[in-house]
Amino acid sequence: ARSRLIALESVQAIPIQMKIELQLKRSIFFSNGKQFTADDILQTYQLIKDERFLSPYRPYIQGIRKIKKISPFQVRIIFNPPIANWKNHLVFKILNHHELKSVSPGTFRDQIFSGTGPLEFKHIYRPRQIILAPNRYNHLKKIPRYREIHYDVIAYSHHHLFKLQKGEVDIIDIEPELMASCQREPKLKRQFTVVPYQKFGYTYLVFNLTRKRITLNIRKAFFNFLHTGNFMQRFLKKRGVAVKTPFLLLNQRIPVPRYDQPPVIQPLKSQVRLRILCNRGSQIRSTFIQFLAKGIRKYRIELVPEFVEHQLMLDRLRKKDFDIAISGFLLDLDFDLSDVLASKGYFNYAGYRSEKMDQLLKTGLLKQDRTEREMIYLDAHHQWQKDLPILPLFNLYYHKGISKRILIPKHLPVMIDSSGDFLQDFDRWLYKSGKHINLSPNKNEPR
């Protein structure tokens, strides 16, 4: 991807001293009218460093040693020893330092912050709807194409198609189960356009290694059942691809384990009963658990599903309040998995501790040559296979359903990573009549 300087006049890199200097534009304003300055960058960085705030961007600043304010509109970023994917670590969002003055660790998660982009939050109706409106302080000074943009969370995924057919919405996510229906019904495909794309990530099982009953033998049983047979292919039914390694860029290089080469498993002396945690809103994960629970019984393992709301699930993962969980994440387009597999990784829900893995992950970040890095992460893959703290499952195929009224831009993203968005550039989406796209759920009141 190409980078564009939106909020910066210039960027000066000084590789020998491992630092970059940013000259900020003076024409950038937050949606609350406050000017974008060096203080915003510095205080955002300090907040992310503070462990009390539990910022999800904390892993991204591990390569930064120091951020220094040179002047109100000039900042110097000094890095630790150079890391291969340092640009991936500069994607955290900058907050307005005036709004940070009243924020505490207890209120941080619920705070709605101002931004400097072309849109701002107008209303948030949790958990069902977000309404965006043009940022009146937008530095681009363009005439807004939209009066409002509505993002709706529809409770039941099968309602998506009905709303699209009725013209109540213009763009929807098509769940894998619904995609199968669309392919069987040509009439549906004539009513809207289906656009495929992929996400760089996967669904996975995480084992709570802090619980003694989650033994390596049990983890090997899951690996053997899920990865050495044809279970994944039968379950997916061409809705996605099986993932054979946590290091997704290596997935094409890893051979499928053969039937005659499963991990060595000792017979379980007695029946083991384990609870498996799952997000209540995911139909495909719920179905997967049902199939998994039935098949894993031959190893004398009984799975008891627990379906909870998304936020509660995240809280329980962080507190290690589970036996096994099924979750998923989007990744940066890189080999590195320090967030997940390093001992101090922010998303190390398994409680995994391995000195060898920590060293491999650290070495992989310090190497600049791609071939050298690939060999290091192959070693990390083999270490993962010995320990099995998590078990990658599948990467689904994703689709957008788009109303036939919409003129679809020529160049659309084919792969979305952790900081991407399929609908990132709204300005290119138009009605075929020349009017601008309507993302309002109320067809009688165009937005």
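What is the relative accessible area of arginine 300, and is the residue buried, partly exposed or exposed?

Reply: Arginine 300 has a relative accessible area of 37% and is therefore partly exposed; buried means under 20%, exposed over 50% and partly exposed in between, with a 1.4 Å probe and protein chains only. The model is predicted, so local features need pLDDT of at least 70 and side-chain atom pairs count only at pLDDT 80 or more, whereas totals for chains, interfaces and linings use all residues. Residues are numbered from 1 along each chain as its sequence is written, and side-chain values use heavy atoms, without hydrogens and water.

Arginine 300 belongs to the loop between α8 (283-295) and β13 (301-308). Helices (H or I, at least four residues) and strands (E, at least two) are DSSP runs, numbered from the N terminus. The phi of arginine 300 is near 65°, a positive value in a residue other than glycine. Lysine 320, also not a glycine, has a positive phi of about 60°. That lysine 320 lies in the loop between α9 (310-318) and β14 (324-330), and with a relative accessible area of 23% lysine 320 is partly exposed.

Charged side chains also meet rings. A charge sits over a ring if NZ of Lys or CZ of Arg is within 6 Å of the ring centre and within 35 degrees of the ring normal. Arginine 239 lies over the face of phenylalanine 235, at 5.1 Å from the ring centre, and the charged end of lysine 199 sits over the ring of tyrosine 398, 4.4 Å from its centre. Phenylalanine 235 is also in a cluster that ring pairs form with Phe225, Phe231, Phe288, Phe291 and Phe394.

Rings of Phe, Tyr and Trp (its six-membered ring) pair if their centres lie within 6.5 Å; planes under 30 degrees apart count as stacked, over 60 as edge-to-face and the rest as tilted. The count by this rule is 20 aromatic pairs. Phenylalanine 30 and phenylalanine 36 have ring centres 6.0 Å apart and planes at 70°, so this pair is edge-to-face, and both residues are buried. Phenylalanine 53 and phenylalanine 108 are likewise edge-to-face, at 5.5 Å centre to centre and 90° between the planes. Their pair links distant parts of the chain, 55 residues apart: phenylalanine 53 is in the loop between α1 and β3 (64-71), and phenylalanine 108 in the loop between α2 (97-100) and β5 (119-125). Phenylalanine 53 is buried at 8% relative accessible area, and phenylalanine 108 counts as buried at 11%.

Tyrosine 398 and lysine 199 lead on to the sheet, since β9 (residues 192-199) and β16 (residues 398-403) pair in the antiparallel sense over 6 bridges; two strands pair if DSSP finds at least two bridges between them. Proline 196 stands opposite histidine 399 in β16. The open sheet has 4 strands in the order β8-β16-β9-β18, with mixed pairing. At its edges stand β8 (171-174) and β18 (415-416), each with a single partner strand, so one side of each has no neighbour in the sheet. Methionine 415 is in strand β18 and counts as partly exposed at 34% relative accessibility. Methionine 415 and tyrosine 197 are 218 residues apart in sequence, yet 6.0 Å apart in space, C-alpha to C-alpha.
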